[in-house]
Amino acid sequence: MRAAARVVMVAAVVVLAVPGGAVLGQDGGPTGAGGETAEPARIIEREAPAREAEVLEEGGSAQAGTSQAAVSTVVAIPAEADAYIASEWPNQNFGDGALYLGYDLTGENYFGAQRMLLYFDVLTYVPDGAVINSATMRLRLSFSSPGDDAPMGTYLRRLCSMWSEEDVTWSREPAWREVREEADVGSDLGWYDWHVTDLVQGWVDGTFANHGMEVIGDEAVQERERAFYSRETSTSLYPRLVVDYTYAPDTEPPEVTVDDLPAYVDRDFEVSWSGVDPGGSGIASYDVQYRVDGGPWATWIVDSTESSADFAAGQDGKFYEFRARGEDQAGNVEDYGPPESSTTVDAQPPSTTVDPLPAHTTDASFVVSWTGDDDGVGIDYYDVRYRLNGGAWVYWQRQTLATSATFNALQDGVYDFEARAVDELGHVEDFEGVVEASITVDTEPPTSSVDPLASVTGNTSFTVSWSGTDATAGIEYYDVRYRFNNGPWMSWLPQTLVTEASFSADEGDGIYGFEVRAVDEFGLEEAFTGEAEASIIVDAVAPFLEAEAWLPLVVNSP
């Protein structure tokens, strides 16, 4: 019932008095103790004086690169409507008195949270197509409570529905949108500014309708408020919007072009464009089209104020062309022209393989080469790795530009090789663990020896055996030779595959010595040492050898 009582009281009272009995407006009056300005009247019936916008500066100059004359103007536009609304008086209109902000907590009938609404008739004084260089709303502070208060933070937001100075109330607050500016208001009685350049440009461009703006201060429940002169003041301290703009009659369309693209791009790439407006009003928006492999043009960007965008999901190997046009602030639209920039999408990694190698080599150093192919931008570098005897892969060449190199094997064995490439767009070919070339390195000949023989035999025929090993290639064959009584060596079994045979002692009784060598499958030949690896005495014809026993020599220790 408290709010209803307030409404009845307001209907019966035309002017509210401040403490001390003085009735105050916003055009001066008595001051409080210590020289502070007293609080303005809350509710008062007055009409605002008729005012026109005031041109503060004006000058013309030819626009660079055009024949158009640009006019620069600074104009101060008076408020067309202003009011404040109060949360504790939700159905009361405050359109004729001062403008209050913050929170009022004084007296029994306090006003609560207070917000200011202002409207400036911008389009009457700023021509369509003008470029707003700056725009500042200026309000003159007439009262602060507390008098020596710290700066109060405020924020200004755009209104997006109609309202009237004569009937706007807290309960009929117009709709609002985004915050456009923040500013601090101190307690010094002077001018305070809110910078609203982008907001005013939007009104002039028609980006959004002009329904004015709302300013909100500190609405915490406390006695902390500010009062500003409204348009009803008879002084020169009324609210104003100071707009600095440039305008030129513009009949020429913009000149827009798509910036150069690289010859090759990845699947997702950035396209940018730029332009000038010879007419001077400035470019308002861009349209961009593209086509694929010379096909029909497709619209991609429409009415954008941006000068670049990401083109996504390009197809590998496809040729893309782009063109752009602009529309200026005066509504002049450029015609589309021929393609202005083009590129080819390279979305696949290169392919690489190691060139074939010989099946085997007996040299520890050999050349490995590889070949790569990329249908697009080209190969940036190669990585090559190897493994030994099926073990773990080891990097050999990293980020090399070469396509061949000498490999130095540290040991014999089977070496496998795999290569990959990275193109200039950073596409990396995967290592798949597949052997692309293989070679067996065998630098060591085989080893072999004749098995031990009996010391003496009475037979003219006996079996001789031998064995050999080769770590890599395997033994291809053996050469076995013998000698009689330390005479010259004689070939017995050349290039044989067997590892034992029956020997006939055709030279008669005596000492027969044997030596073997092996040759592996890669042709590495073990060298004969010239020393018998096994010997045997043949004693088949009388007189026979008699075995004698020999006693060991015993030596006494000293």
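Visitor: Let's start with Y512: buried or exposed?
Guide: First, this is a predicted model: local features need pLDDT of at least 70, side-chain atom pairs count only at pLDDT 80 or more, and totals for chains, interfaces and linings use all residues. Residues are numbered from 1 along each chain as its sequence is written, and side-chain values use heavy atoms, leaving out hydrogens and water. Buried means under 20% relative accessible area, exposed over 50% and partly exposed in between, with a 1.4 Å probe and protein chains only. Y512 comes out at 0% relative accessibility, so Y512 counts as buried.

Visitor: How many aromatic pairs does the structure hold?
Guide: Rings of Phe, Tyr and Trp (its six-membered ring) pair if their centres lie within 6.5 Å; planes under 30 degrees apart are stacked, over 60 edge-to-face, and the rest tilted. On that basis, the count of aromatic pairs in the structure is 39.

Visitor: What kind of pair do the rings of W89 and F111 make?
Guide: You need two numbers here, since a pair of aromatic rings is described by the distance of the centres and the angle of the planes. For W89 and F111 the centres are 4.9 Å apart and the planes sit at 10 degrees, so the pair is stacked.

Visitor: How many residues apart in sequence are the parts that this pair ties together?
Guide: Strands (E, at least two residues) and helices (H or I, at least four) are DSSP runs, numbered from the N terminus. W89 lies in the loop between β3 (81-86) and β4 (99-104), and F111 in the loop between β4 and β5 (112-119), so the pair ties together parts whose separation in residues is 22.

Visitor: What about F503 and Y512: how do their rings meet?
Guide: F503 counts as buried, at 2% relative accessibility. The ring centres of F503 and Y512 are 5.6 Å apart and the planes are at 65 degrees, so the pair is edge-to-face.

Visitor: Which strands are at the edges of the five-stranded sheet?
Guide: Strands pair if DSSP finds at least two bridges between them. The sheet is open and mixed, in the order β14-β20-β19-β16-β17. An edge strand pairs on one side only, and here the edge strands are β14 (264-265) and β17 (298-304).

Visitor: Which residue in β20 is the bridge partner of V265?
Guide: β14 and β20 (residues 341-345) run parallel, with two bridges joining them. In β20, the partner of V265 is V345.

Visitor: Which residue in β17 stands opposite Q289?
Guide: Strand β16 (residues 283-292) is joined to β19 (residues 319-328) by nine antiparallel bridges, with I283 opposite D328. On to β17: four bridges join β16 to β17, again antiparallel. In β17, the residue opposite Q289 is T299.

Visitor: What does D293 count as: buried, exposed or partly exposed?
Guide: D293 is in the turn of the β16-β17 hairpin, which has five residues between the strands. Its phi is near 50 degrees, a positive value in a residue other than glycine. With 43% relative accessibility, D293 counts as partly exposed.

Visitor: And A313: buried or exposed?
Guide: A313 isn't a glycine either, yet has a positive phi of about 65 degrees. You'll find A313 in the loop between β18 (308-311) and β19. At 54% relative accessibility, A313 counts as exposed.

Visitor: How far from the ring centre of W297 is the charged end of R323?
Guide: A charge sits over a ring if NZ of Lys or CZ of Arg is within 6 Å of the ring centre and within 35 degrees of the ring normal. R240 does this over Y238, 4.2 Å from the ring centre. For R323 over W297, the distance is 4.1 Å.

Visitor: Where are the cis peptide bonds, and what is omega for the one joining A542 and P543?
Guide: The bond from S145 to P146 is cis, with omega near -5 degrees, and P146 is in the loop between β6 (131-145) and β7 (152-159). P543 is in the segment after β36 (534-538). For the cis bond joining A542 and P543, omega is about -10 degrees.
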